[in-house]
Amino acid sequence: MVLQVLVQVLTALIIYFWIGPAERKHWDWLRAGIAVSLTFIAPIMLLVLRDGFFYYGYIGLANYHNPTIHLLKPFALLSFIFAVRSISGQKSTWKQVALAAALIILAAWTKPNYALSILPALGLIALLRMFQRKPLDWKLLLGGFFIPGVVTLLIQWLIAFDANNPGGSILLAPFQVEGAYSDYLLVKFFLSTLLPISVLLIARSQVMKDEHLLLGWVGFLVGAAQFYLLAEGGDRMEHANFRWSAQIMLFLLFVVSVRWFLQEKLARGPVRWIEKAAAYAAYLAHLAGGVAYYIYCLISIHYR
């Protein structure tokens, strides 16, 4: 429990410093509040009155029943910062490459889903940047992500399937796993992603130019595809371990979206009242969902 609290504090501190300073009144209090609240926001659980589910069918953000997803968040956050650097055209030192490699390895051994999502996302964006003839940091991409990440995942595959579960496999099973737990998957998708979608609409002309938003969205779509389309064969099918791919990437997308809105709209402006109203309303709705889910988990033996 102490470790879990410390990890949550570390996650909030990383978000706080990554948001960065700005010349705006009460800015530090604002980013501190955002950094803390981002650690326990949740989907907007409007359907709970219909099906009784706070978790099933949604793409979760706060997960009090699974400690390793909390342990993954600080590694994933720091690794994501390096991932953005690799596609932004900056040149990295070998120390930075080594640190990025250590982070992707630590993230993969904590929970492999971040590596399973960020590596395909980086590959897709690298192809896009090559087509656009924009510079890439190949030293960081290869040495800090693809080589250590792929090697680690291959070792984990051998341990998880060949050694401990001979004959195990990963199946293409669209909606088979999550559909068995809950209905209304499409509605719950939008209730899980209202804030990032709101920011996407506000930043629609900037997404392809902003590496943070671009990688956040591509990474999330890769993770969501695994969540809805893939399953483990055999006894592990009901474990729904590909849920974590969508959950960790949605968490990163939330952080990226909020950071963009704070820096580009509130700090630098201008921001229209309709944009501010939409972003604030969406965030407060997710925050209310997080408070409701926290209370539910506190007073119940279930997490569903």
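**Pockets, cavities and core: a quick tour**

User: How much space lies in the largest pocket?
Analyst: Keep in mind that this is a predicted model. Going by that model, the space in the largest pocket comes to about 640 Å³.

User: Which element gives the largest share of the lining of that pocket?
Analyst: The lining is made up of 26 residues, and P112, L116, A160, F161 and E232 lie nearest the centre. Elements that give two or more residues to this lining are helix 5 (94–110), helix 6 (113–131), helix 7 (138–163), helix 11 (211–229) and strand 2 (230–232). With 8 residues, the largest share comes from helix 7.

User: How many charged residues does the lining of the largest pocket have?
Analyst: Sorting the lining by class gives 18 nonpolar and 5 polar residues. The charged ones in this lining number 3.

User: What about the second largest pocket: which helix gives the most to its lining?
Analyst: This pocket holds about 330 Å³ of space, and its lining includes M1, Q4, F40, H65 and Y294. Two elements turn up with two or more lining residues, helix 1 (2–19) and helix 4 (67–87). The one that gives the most, with 3 residues, is helix 1.

User: And how many charged residues are in the lining of the second largest pocket?
Analyst: By class, there are 6 nonpolar and 6 polar residues in this lining. The number of charged residues there is none.

User: Which element gives the most to the lining of the largest cavity?
Analyst: There are 2 cavities of 30 Å³ or more, and the largest has a volume of about 60 Å³. Its lining includes V177, E178, L230, A231 and E232. Helix 8 (176–181) and strand 2 each give two or more residues, but the most, 3 residues, comes from strand 2.

User: How many nonpolar residues line the second largest cavity?
Analyst: About 30 Å³ of space lies in this cavity, and among the residues lining it are A42, P43, F54, Y58 and Y293. By class, the lining has 1 polar residue and no charged ones. The nonpolar count is 9.

Note on methods: Residues are numbered from 1 along each chain as its sequence is written. This is a predicted model: local features need pLDDT of at least 70, side-chain atom pairs count only at pLDDT 80 or more; totals for chains, interfaces and linings use all residues. Side-chain values use heavy atoms; hydrogens and water are left out. On a 1 Å grid over the protein atoms alone, a cavity is a set of points where a 1.4 Å probe fits but cannot get out, and a pocket is an open set with protein on both sides within 12 Å along at least five of seven lines; lining residues have an atom within 4 Å of a point. Grid points are joined across faces, edges and corners, and a volume is the space filled by probe spheres set on the points. Helices (H or I, at least four residues) and strands (E, at least two) are DSSP runs, numbered from the N terminus. Ala, Val, Leu, Ile, Met, Phe, Trp, Tyr, Cys and Pro count as nonpolar, Asp, Glu, Lys and Arg as charged, and the others, Gly among them, as polar.
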